[in-house]
Amino acid sequence: MRKALSFVAGLLLAGFAALASAQGNPIKIGMSMPQTGSLGAGGQAALLAIRMWVEDVNAKGGLLNRKVELVVYDDQTNPANTPGIYTKLLDVDKVDLLFAPYGTVPTAPIMPLVKQRGLLLMGNFSFQVNHTVKHDMWFNNAPWTDASSWFDGWITIGKRVGGKTIAFLAADQEFAQNLANGARELAKKAGLQTVFDQNYPPTTTDFSSLVRAIRQTNADLVFIASYPNDSVAIIRSVNEIGIGSNVKLFGGGMVGLQFTPNMVNLGSLLNGVVNYNSYVPGLKYPGIDEFLKRYAQKAAEAKVDPLGFYLPPFNYAMGQMVEQAVNGTKSLDQKKLAEYLHTHEMQTIVGPIRYGPDGEWANPRVIQAQFQDVADKNMDQFRQPGKQVILWPEQYKNGNAIVPFDKARK
Amino acid sequence: MKFWIGAALALAIGVGLPLLPVNEYVFYAGYVVLTYVVLATAWNILGGYAGYVNFGPPAFFGIGAYAAVVLFKWLGAPLGVQIAGAAFMGGAMGFGVGLLTLRLRGIFFAIATVAIIFIMETLMVNWRYVGGATGLQLLRPQVELYASYTRMLFAVIAVMAVASVAIARYVQESWIGRGLRALRDSEEAAEGCGVPTLRLKLVACTLSGALMGAAGAPMPMYLSFIEPASTFNLAYTIGSLGSAIIGGMSHWAGPIVGAILLGSLQQIITVTISNEMNVLVVGVLLVVFVVAAPEGILGLFRKVLGRTSK
């Protein structure tokens, strides 16, 4: 008798539990994020921002009166891992919505998967990853479109400061080549004469001979498309050897100069460099200052990028866009959400975003900023406007370029 | 006979399972595990039987993957032709590596095989036709019979796994295996006894290379993408070498046991603990097995069986 009673009680409990879980059934958002490997450091900071958005949206009562839950795995920056992870997210974890991993390479293999299944994918700082697949439910959070969107600002500034000749130095790797090709085309269109054009192998550690070769050319503009470690090595080489008094503009597509440890370590060596960025202090977007303040606290606890200018705001914005689309359509229907994102301007902490038909920003907003008056070994200086003076886009400009390059370094 | 019944059974499961309404994730994860079965089995032909430690599986795997991409892009070749082309390229490179063994042995041979990875990677980084450093996105063709391309790829890699194990078993049990074991113990003594060491090493290298190349062929279609850094990733060395060491190098079954254990463990860790643990687990397992069970799981098994029968 006792056995039968406990059996009935067990059944009832299980029934209640099932009922309760149906009512409070969370909306699951799934993603992989590179938390180790070459994109690991950036990925961890980006993930923190997404978690902040999840906290915020849940504090407001969630989406459609349901809590939001993030299911995230580490893809180790290895594209071989992402198809398996995203299939698990969809078929085992049964997530409702997908965010893409940070970066082009881990994202590329999941594009056919989402296209085949007709799923919305919020892109995460990838570059032209939808170019071949042409998925109409893809929305990238990065402020660029094609390669020319990165550097029309840089080339325009170069022309404005009197540049006539240009030297190119690019890593023979991944998108550095795409970027350099975009810049090469823009330079050609602008009538700049190319006096030096060289690719260097990604394993290069000593840039002294390359820097000497560039100095020999007496170029007005020096465009570099490099990866984080190379960027640091190139800046150090330029500091030791000098690039020549003729150079008016130096920088362009140097990846890594946006990352806090590099900025702090290089300090005053950065002065004069005009480089691309996604966000720098001084850009007055609604909510960004408050976000960065909260981020700084959490980043210190989580021991990730303490400034978090480059990726975190855009990852938070990714959440904000989904929030607006879900609230706007009152639905989780992927098609409706995609249509909403295509047809509405999204309000985010990185400014208003409107999407073009290819899921990239209709109005790209790559910042070109010059490091000015940067002191050594001081991280907090970068939190204030003026250390990275915005030269482009025109409407956000908050200072003038110091030319020639050498003058800004004195 | 037992082997062939087992092989037929494995083949039936591998080809039949994707036809059933099983969760797609099983095939994504299973594909990776079976790739390691092929790689580890292929590695063991040279590393286990002949004692020549090859650190270059990514080079063979990568050349296979890129051969498949070239055939697909250039001729629109079907997967079968891509695999055959990849096996040929892998085999040809294996033959070249076999010639290296004329002058290099032990650690020097191992270092030379590492160099091949970097040479191949640099070549592909600079070859724009296959996407260069940026990589190339590929659109999968329509698939018949199976519900999705990944399911078909699972069936294909299952067939390849069974075939490679059968080849490894043949090598082990035939005159080739006996000769390889002889030259592993002492190359000079083997040569003195009339074992054609160079010819055997060339056969082993070519076979091993061809199988690794074939294993790489379906990868670009599995990912719908190819780029050099992940294709020539040293993880393939760790996976194939680790599987053979953990499973046991003296028998064809060793790499299968090791690859299934290691591959599954890695897949599980990726979606559970999900961080550096993945690499750490392989490292710790390798250290534990090298110290505590140098003959691998099979050796351990034999030891335990031997003890209980006494």
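Modeller: Helix 12 and helix 13 of chain B meet in a right-handed crossing, meaning that the near helix is turned clockwise from the far one by less than a right angle. Helices (H or I, at least four residues) and strands (E, at least two) are DSSP runs, numbered from the N terminus. This is a predicted model: local features need pLDDT of at least 70, side-chain atom pairs count only at pLDDT 80 or more, and totals for chains, interfaces and linings use all residues. Residues are numbered from 1 along each chain as its sequence is written, with chains lettered from A and ligands numbered from 1 in the order in which they are written.

Biologist: At what angle do the axes of helix 12 and helix 13 of chain B cross?

Modeller: Roughly 115°, and the axes come within 7 Å. Axes are lines fitted to C-alpha atoms, for helices over the stretch in contact, and angles run from 0 to 180 degrees between N-to-C directions.

Biologist: Let us turn to the sheet. What is the strand order in chain A?

Modeller: The order is 2-1-3-4-5 in an open sheet of 5 strands, with parallel pairing; two strands pair if DSSP finds at least two bridges between them. Strand 2 (68-74) and strand 5 (138-140) of chain A are the edge strands, each pairing on one side only.

Biologist: How many bridges join strand 1 to strand 2 of chain A?

Modeller: There are 7, with strand 1 covering residues 27-33. A:Ile29 has A:Leu70 of strand 2 as its bridge partner.
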